[in-house]
Amino acid sequence: MAHVITRLIIGGAQENTLHTVEDQHHLHGDDVSLITGPGIGPEGSLEPRARAGGFPLHILPRFGRSIHPLHDWTSTRQLTRLLREIRPDVVHTHSSKAGVIGRYVAQRLRIPAVHTVHGASFHYGQHPLAHRAYIAAERWAARRTAKFICVADAMTDDYVAARIAPREQFVTVYSGFDVEPFVSPPRPREEVRRELGLEPHHVVVGKIARLFHLKGHEFVLQAAVPVIKANPDVRFVFVGDGLRRAEFEDWIAGHDLTEHFRFTGLVPPTQVPELIHAMDVVVHTSQWEGLARVLPQGLIAGKPVVSYDVGGAREVVLPGETGYLLPRDSVDELVAALLDLAGNAELRTRLGETGRERFTEQFRHQYMTARIREVYQQVLESACHGRQDTIGEPRV
């Protein structure tokens, strides 16, 4: 297999891809390569981890997120040469640009392509022209796709509604990760809270996301004013960094709430479990997502979650069972949910324990990888029936 992804920054799609490649190499002994652009970005890089993985890693120096005709043409030619050398049975693409270029090259080389939809390239908040252009590109690439893997049923619904491909071309495989640190934190909760300047009586509401547009931090800030007025013991922790940090810090200072907020800045993925365990509630107010990994991560850590009803959130945020599912961009409902949880420790415990029981096994990365290999096998069997002379015997 050859996996193609635009860049190896720290993010859910990238960690999903890297877990898949690592498991295929280490657990299943597959002949697997990873092809990507440079892991450059304010989010941090997963390149060092990939280089230590023991599998072939190929960096296309001109492969980047932004559209650049000359660079993209160069990357297409480089990818074509690479895949001719590797001769994989399956090309598995991830992310928007890699998904389009990778599937185009795979078709030219008569290699079946599988594409994972981590989050739709067309989404809420886009300019209408961009929205239509992305849908057109996805329809074009879909004709070169043997199978789609979606990280949530909601992604399939979006793609079918946009007439990208028929429903039978899709399968849902939830994005797995290493669940053990979320079940058993690497450091004691009390120690992490002390480092953040949090007291035992504080009720900590945490949000894990880049400080970027569409991530919805502004709604947490708006809700914080009445929440803190009603319950001064509430503290908010923002995990992550980004372009809007100074803007948020100025807003908090202007509302005299500085003592109620903590910013951790950019942290490595290995630190996320201990930070979630230091929280009492996980809040996720993004305006657009596939299925945010922080939601199952919070539940597996035994924390109740509060999320806007976007993407696949409703598949894990079950009202009355694991958390609160709210209308996108709502503030009054967010205030009510946070005050309910802040004032009721028994409710927080019950919702969190239910989430851990329901989702721990489902989100293990080993389970994800096994399901993905089943998809490959189906694709190869179908391809072999029609084109034995081209594909050869499956090596998966």
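Trainee: In what order do the seven strands of the open sheet stand?

Mentor: This is a predicted model, in which local features need pLDDT of at least 70, side-chain atom pairs count only at pLDDT 80 or more, and totals for chains, interfaces and linings use all residues. Residues are numbered from 1 along each chain as its sequence is written, and side-chain values use heavy atoms, with hydrogens and water left out. Strands (E, at least two residues) and helices (H or I, at least four) are DSSP runs numbered from the N terminus, and two strands pair if DSSP finds at least two bridges between them. The pairing in this open sheet is parallel, and the order is E3-E2-E1-E4-E5-E6-E7.

Trainee: Which strands are the edge strands?

Mentor: An edge strand pairs on one side only. In this sheet the edge strands are E3 (57–59) and E7 (170–172).

Trainee: At what angle does helix H3 run to E2?

Mentor: Helix H3 (residues 69–86) lies across E1 (2–7), E2, E3 and E4 (91–94). Angles run from 0 to 180 degrees between N-to-C directions, and axes are lines fitted to C-alpha atoms, for helices over the stretch in contact. The angle of H3 to E2 is about 175°.

Trainee: Are H9 and H10 roughly parallel or roughly perpendicular to each other?

Mentor: The axes of H9 (residues 217–230) and H10 (residues 245–254) come within 11 Å and cross at roughly 10°. Angles under 35 degrees count as roughly parallel, over 145 as roughly antiparallel, 65 to 115 as roughly perpendicular and the rest as oblique. H9 and H10 are therefore roughly parallel.

Trainee: Within what arc do the buried residues of H13 fall?

Mentor: Buried means under 20% relative accessible area, exposed over 50%, and partly exposed in between, with a 1.4 Å probe and protein chains only. In H13 the buried residues are Leu334, Val335, Ala337, Leu338, Leu341 and Ala342. The arc is that of the directions from the helix axis to the C-beta atoms. Seen down the axis, these residues line one face of the helix, because they fall within an arc of 165°.

Note on methods
Contact = heavy atoms within 4.5 Å.
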